[in-house]
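Please look over the notes below with the structure open beside them. They are set out as numbered points.

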Amino acid sequence: MGSSNISASEKLELIQRNLQETLGEDKLKGVLKERDVRIYWGTATTGRPHVAYFVPMSKIADFLKAGCEVTILFADLHAYLDNMKAPWELLALRAKYYEHIIKEMLSSIGVPLEKLKFVKGSDYQLSKEYTLDVYKLSSLVTEHDAKKAGAEVVKQVDHPLLSGLLYPGLQALDEEYLHVDAQFGGVDQRKIFTFAEKYLPQLGYAKRIHLMNPMVPGLAGGKMSSSEEDSKIDLLDSASTVKKKLKKAFCEPGNVKDNGVLAFVKHVLFPLFQGKEDFVVPRAEAHGGNISFTSYLSLETAFGKEEIHPGDLKNGVEFYLNRLLDPIRKAFEQPELKKLAQMAYPPQNKTVVDEVAPHRLDIRVGKIVEVSQHPDADALYVEKIDLGENEPRTVVSGLVNYIPLEEMQNRMVVVLCNLKPAKMRGIESSGMVLCASQDEPKAVEPLLPPKDAVPGDRVMVEGYETGTPDDTLNPKKKVWEKLQVDLKTNSSCEAVWQDNSLFTNSGKILSKTLKNCPIK
């Protein structure tokens, strides 16, 4: 069906299908009455694209069917500014890799490329005009607004780098310099989108439309991430690797909400295949034989009633996913593309990877059996903490201004035990009581072990249970500092590292009241 043969209302339906939210819908309707909509989607060229990229690709397919002019921005400078996730010397190679892999993805789902163009951010973001606009924007934007805008997409730390504060402004300016009507992205980009709506008009530029996809859970149940090996399937993974990763995927019987396998079917497979063929779930004859679905809702209902077994659903997804991946894998068998992939993503030094793995932290439950104020420092407590060892450890903590002395006595706490011992105003401290910390208003809360935890219980990070902690963390390698930036409490007061829960065999580690705060 060509876009010229469908009405403006049908185009609107295609553009908004499966979106979670649209900002500026009236403006979108107005543009559609006059001409085709110009939309851009940007992706930072950091980790290797994985199957979750089919989610935006299926929407880009909808936009193209609706006659939209679509620009895909390879945000290479943004990738560098986001904590230097892409080394400068690899930016050009990774942008080239992304262009090839995305073209192959779009071809694999039958998307024509006539109204699609690719732009590299560094091609215009280093121009005089763009740079002057960055300076103009920096004279308008407060630190608070910049930090708030990037809260969902830029790593948050107490003392952020200026690059992370610039990131939202650059993304806002991209809308003007790409000459588009709308920007498309995940709902995690919402704060950047509203930032753009506030500040672009102050530069004399038009407010754009913003189209937002829901956040689709990864195979492990959380966000699908390039840095979480088991949560994602690489676009070049072999069929056997796809099978292995899908077997590990979280797909609880009857659970239709936090289910990455079902989400992939909803946001990728049905939009691509519906109307062309049924979605078939293969089953043994003894279990009723193959079953076909013409709509996602009917599949979700059957799964919710446990009429479809998770293993059968995974087998169905495996078939369709391999069908999408086969042409991409075949294309990258070409020597030049194989070499490009190796150069853009050279093998990582394993020691560097190990250096930032949370299993290296020796975190244990402890009980304060004795506490007093430091004789030479008004803000410090000196604690004797039972950590399940032969004798209690001495730990010095700066908690006097936050926790009364009587509340410290016999308190259960969470202690980092393998920092190098250090003298604090003359008294050697052999550990750190971990606390959630809030700056405004200032508040500090020691983390709470589970109710049934006992001194000496090891605190682990979900997904990193099998590693062995270092005897002593080498301060020169800053292992603790690198890991600490990802330690925080979430919106449920749970202690997490990169959204992976901290827990003992008795349950999760919590804070009393502080949410979305760093742990230190």
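**Notes on a helix and a sheet**

1. L64 is buried, at 11% relative accessible area (buried means under 20%, exposed over 50%, partly exposed in between, with a 1.4 Å probe and protein chains only). This is a predicted model, in which local features need pLDDT of at least 70 and side-chain atom pairs pLDDT 80 or more, while totals for chains, interfaces and linings use all residues. Residues are numbered from 1 along each chain as its sequence is written, and side-chain values use heavy atoms, without hydrogens or water.

2. L64 lies in helix α3, residues 54-65 (helices are DSSP runs of H or I with at least four residues, strands runs of E with at least two, numbered from the N terminus). Eleven of the twelve residues of α3 are buried, among them F54, I60 and F63. Just after α3, G67 has a positive phi of about 85°.

3. Leaving aside residues up to four places away in sequence, L64 touches V70, V111, P112, K115 and L116 (contact means heavy atoms within 4.5 Å). From L64 to K115 the C-alpha distance is 7.0 Å, although 51 residues separate them in sequence.

4. The six strands of an open sheet run in the order β1-β6-β5-β2-β3-β4, with mixed pairing (two strands pair if DSSP finds at least two bridges between them). β1 (21-23) and β4 (116-120) are at the edges with a single partner strand each, so one side of each has no neighbour in the sheet.

5. β3, residues 69-75, pairs with β4 in the parallel sense over five bridges. The bridge partner of F74 in β4 is K120.
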